[in-house]
Amino acid sequence: MPARTPKGGDQCLRELNRAKLRKDRREIARLAEAIGDELMDGGDLAQAEVHFVLARQDGSFGHDRDRARVIVKEAHCLYERDQYRDSLGRLEEVLGFLGKGTEGSLSARALGLAADLCLRNGRVRRAYKYAIKARALASQRGVGTDALRIGLSLGAVFARLGRWQEASGILEDVLSAARRSGDRQRMGQAYNNLGLVHKNRCEWGRAIDCFEQAIRLARAGPDRSLAERLNNIGIVHFKIGDWKQAEKVWREGFRVARRSEHTTAEASVLLGQGRLEAARGNWERAETRYARALALAEAGDDLRTQALAHEYLTELCLDTGDPEAAAEELEKARKLADRVGTVTDLTAEIRRVQARVASHVESPARALQFITQGLETARRTGDRYEEARFLVLRAELRAREGNHRTGARFSHAIERLSDLGMKHLLARTLVAFAAWMADSGMESQSRDRVQECLIVASEIFEKLGDLCGLADARIALARWKVRHGGVDGALSILRSLEEMNPAPEGVRNRLQSRLQSLREDIETLLVGRIQSSECHTPWDADCLGELSGRIPGELLAGIAANVGADRALWVRPGRAGSDACVLARINMDGNEAQRLAERLLGGEHAWLASGAPVLSVSVSADPRFRRLEAVRNVRSLLLLPLVADGTLQGLIYLDRGSERGFPFGGREMEKISAARPVLESVSMLEEPSGNGGIRIATPSGVKVVPSMLGGAKLARVLGIIGRVCNSSVPILIHGETGTGKELVARALHELGNRHSKAFVAQNCAAIPRDLLESELFGYVSGAFTGAVGDKTGLFESADGGTFFLDEVAEVDAATQVKLLRLLETGEIRRLGAVEEGRVDVRVVSATHRRLDEEVERGRFREDLFYRLNVVDVQLPALRERMEDIPLLANDFLARSFAREGKVAGRLSGDALEVLASYPWPGNVRELENEMKRLGALSTGGSTIQPNMLSRRVRYTRGDHAPGRFSARVQSHLPLPPTGSNGILRSA
């Protein structure tokens with residue numbers, strides 16, 4: 001029977017009470033239904049349900065149709081209160097006995113509501129069946145409220161099944177009809193469902209427009225769907241990378257859902273918030289939200305939301321490194337998805353998560369099988385979002401397998417993500433692509449592309465606020481720079497990452513672990529630069545000459561200033577159990593320096609045993625220095641052991657305070673590397689070698705060059721030779737005649753990795769200029785008159801070895817051109833030849849002139865000068881190292897006596913004083929000739945007196961007054977006749 005609208009709520013209640021007293025069942029049912037209608041219109045769904053239950057339980061309805069009508073209203077109240085299971089139970093109770101005649105409208109309404117309920121709890125197949133039946137019944141009654149509701153349900157079902165065109169067409173019709181009828185509620189629902197269609201097709205702009213219209217209509221009245229619509233637009237903002245806006249609308253959606261007790265919408269919003277927290281690396285917060293959403297979904301029998309919660313928990317377990325727990329969560333999600341039935345957008349998502357789990361706990365082949373199935377499902381349903389994610393997953397899987405098509409897979413995925421505007425996933429994929437190029441050897445071919453990928457990814461992560469992603473991208477970029485020598489760029493990135501202070505503990509712990517690994521890589525590279533045998537900077541030639549010869553304090557101060565150290569310390573191990581000895585200190589008081597020296601040289605530190613430099617770019621995070629009180633406020637420090645003959649001779653300590661902010665970098669390490677031979681030579685003064693010759697530090701250790709003798713000044717200059725002995729860069733030796741330029745060139749050859757090949761020397765002043773070119777480069781038969789056969793040039797003879805070009809300033813202009821081409825390309829052409837040949841030869845040149853002055857006068861090519869002068873070695877004249885005269889003179893005299901077959905004699909102290917006061921314009925060669933003369937003229941075993949020296953030595957005096965070197969001369973009188981120490985003791 002139709003229900004009459006009561007005159008007022010109070011009057012209806014009074015009439016209902018009187019009917020109860022009279023026990024008038026028909027009147028009770030009529031009035032209870034009428035009151036329920038009024039309460040439902042006013043939004044009091046709970047009380048409306050109570051009255052509908054009263055009406056149908058009285059049993060006074062005369063026809064089942066009347067009872068069914070009330071049950072449908074009761075089901076509607078339950079539906080609006082998110083009690084979907086009870087609501088669907090009520091509807092299925094009446095669907096069986098509703099007829100098709102006059103009851104067609106009621107049946108259509110019940111079927112439409114049942115379709116909505118099935119769709120909400122994930123039973124898409126049943127929803128489709130109910131919606132089709134409801135549309136057929138509604139079409140018989142014309143367009144009305146029931147028809148609009150059914151159209152909305154059917155459109156949503158088609159959208160869930162991936163039938164986008166059908167869904168869009170139905171929803172557009174519903175929207176038009178709702179506009180004509182002025183039904184704002186249905187208009188809002190139509191906009192919302194159309195937004196879902198556009199969202200699933202990755203048409204983000206159209207989706208946002210639809211959702212904004214739906215939200216505007218929901219705000220206009222008491223519409224409980226507002227929370228759902230806010231959640232939907234939040235999902236779009238999340239997928240396109242507008243995380244701040246997503247967070248904002250989800251926060252509002254959560255408040256609205258809680259206020260309206262819309263538990264289904266609350267669960268959906270919690271899932272969205274959990275995904276955002278997981279993407280930012282806040283895994284504990286994400287897990288909490290997933291758990292709350294799951295509990296709400298289970299209470300409301302929402303299968304789809306339950307499946308999504310378990311799916312997201314699966315991915316969370318994978319991200320946190322727990323594949324076993326992930327497999328358990330996946331099984332729960334899969335079972336729930338099976339209960340949903342048919343192929344939906346959820347099917348593709350489950351396949352994707354199955355592929356991820358299989359790659360961890362099963363096999364790549366099984367994972368690829370899931371990817372193939374999921375990709376097919378996504379394409380069949382038109383889910384472009386999931387299709388793009390499958391493309392990324394396939395590329396990552398192929399990358400681990402080393403598949404040759406991995407690059408194309410990544411490029412395809414990146415292109416698709418860019419087209420769809422999926423920023424976060426794009427950034428993650430760019431990082432994975434860069435890592436694959438680095439690991440697969442493609443990095444050398446695509447260096448610019450690798451850097452570009454990582455920079456773009458960093459920018460995206462920074463805008464999104466994804467600290468984990470930002471750390472991953474920047475650390476990968478820093479490692480790329482470390483690999484290619486850009487250590488200062490890597491240090492800059494490290495500093496910016498250290499200044500990040502992510503709040504979640506999980507993010508902070510993960511970041512610190514990865515930063516420590518990056519620090520170790522940077523430190524290894526920088527320490528390698530110290531130990532490298534190549535010259536890196538002009539500091540080798542310019543500054544080292546100024547540092548050489550200084551006392552330890554001045555030397556340490558100069559180095560500390562040049563590398564920007566705040567404090568410095570030079571210590572030496574104590575002798576015979578004594579304490580560590582402080583040789584020099586900068587910006588430290590005596591007690592502090594002594595305590596630090598004793599701690600540094602303590603036996604508990606492993607770095608002393610290896611002899612390798614120790615660098616820390618972040619002392620506060622370095623476990624090696626946690627117990628060292630003296631470095632508590634230090635940002636970066638360097639320990640440089642000074643080792644000679646396998647023994648620790650000293651230790652240099654340099655540091656920078658925490659207020660500086662930036663650690664020691666590549667430039668500083670190159671300067672330290674250049675200065676190390678100087679430091680070691682000074683250190684070795686304290687421990688003289690038992691063998692004759694100069695000791696030079698090389699990459700393979702300290703070696704003795706027996707062909708050369710001298711003290712600290714010569715040793716420090718020649719320390720550069722040890723640094724570059726294994727390099728192929730050209731060397732230019734400047735020095736006066738007789739200073740031993742060819743000996744230096746031979747020492748360079750013998751110390752280096754070319755020692756097994758030929759050493760060829762040619763004095764350019766000893767050959768006429770018109771013949772020099774043919775000597776150096778050779779000629780072919782018939783090249784000129786008299787060329788009766790082919791001749792191999794000297795450069796070809798030195799192939800693989802070293803060519804010493806003495807007096808290079810004498811080379812004529814034409815030969816300079818060919819020499820320049822040889823240095824630039826390694827190519828030579830014999831005189832008269834057509835074809836060019838190649839040689840691998842290291843060129844060492846020497847001159848007693850200033851080549852830069854020759855360039856200014858136009859007598860030497862400027863470009864050739866710069867090619868030859870890569871490393872400049874300035875040999876000091878003998879008058880600049882007079883303290884070496886006793887050492888050299890005794891050695892030369894002993895050799896001279898030995899050649900003459902005589903018993904060795906010795907120089908008297910007075911003779912040494914005379915030798916030390918002579919300027920020696922001919923340098924070491926002149927001194928050697930003087931000793932040869934004495935060996936020939938003297939009797940065996942005699943002591944050489946001043947009157948036995950040549951007249952020019954006795955009567956020519958320089959600026960060196962007699963007696964200036966007396967102490968050093970007298971200290972070397974007992975030198976053995978067959979040789980002496982290569983290094984003088986410090987006075």
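Predicted model: local features only at pLDDT ≥ 70, side-chain atom pairs only at ≥ 80, totals over all residues.
## Helices H2 and H3

H2 passes H3 in a left-handed crossing, a label used when the near helix is turned anticlockwise from the far one by less than a right angle, with clockwise being right-handed. Helix H2 covers residues 25-41 and helix H3 covers residues 45-57; their axes come within 8 Å and cross at roughly 160°. That makes H2 roughly antiparallel to H3, the term for angles over 145 degrees, while under 35 is roughly parallel, 65 to 115 roughly perpendicular and the rest oblique. Axes here are lines fitted to C-alpha atoms, for helices over the stretch in contact, and angles run from 0 to 180 degrees between N-to-C directions. Helices (H or I, at least four residues) and strands (E, at least two) are DSSP runs, numbered from the N terminus.

Who touches whom? On the H2 side, the residues include Ile28, Ala32, Ile35 and Met40, and they meet H3 residues including Leu45, Phe52 and Leu54. Contact means heavy atoms within 4.5 Å. Sorted by class, the contact of H2 with H3 has eleven nonpolar, three polar and two charged residues. For that count, Ala, Val, Leu, Ile, Met, Phe, Trp, Tyr, Cys and Pro are nonpolar, Asp, Glu, Lys and Arg are charged, and the others, Gly among them, are polar.

Residues are numbered from 1 along each chain as its sequence is written, and side-chain values use heavy atoms, leaving out hydrogens and water.

The protein's mean pLDDT is 79, with 82% of its residues at 70 or more; pLDDT is the predictor's confidence in each residue, from 0 to 100. Over residues 533-542 the pLDDT is below 50, and this stretch has 27 contacts in the model beyond near neighbours in sequence. Residues 544-549 also stay under 50, with eleven contacts beyond four places in sequence.

## Helices H19 and H20

Now for H19 (residues 364-381) and H20 (residues 384-401): their axes come within 9 Å and cross at roughly 160°. H19 and H20 are therefore roughly antiparallel to each other, and H19 passes H20 in a left-handed crossing. The contact involves H19 residues including Leu368, Phe370 and Arg379, plus H20 residues including Glu386, Phe390 and Arg394. Its class count is eleven nonpolar, one polar and six charged residues.

## Helices H39 and H40

H39 (residues 885-900) packs on H40 (residues 909-917) at an angle of about 115°, with the axes 10 Å apart. This time the crossing of H39 past H40 is right-handed. Ile885, Pro886, Ala889 and Asn890 of H39 meet Leu912, Leu915 and Ala916 of H40. That gives six nonpolar residues, one polar and no charged.

## The sheet

There's also an open sheet of five strands, in the order S9-S12-S15-S8-S16, with parallel pairing. Its edge strands are S9 (759-763) and S16 (871-874), each pairing on one side only. The twist averages 20° from one strand to the next.

Strand S8 (residues 731-734) pairs with strand S15 (residues 842-847) in the parallel sense over four bridges; two strands pair if DSSP finds at least two bridges between them. His734 stands opposite Thr847 in S15.
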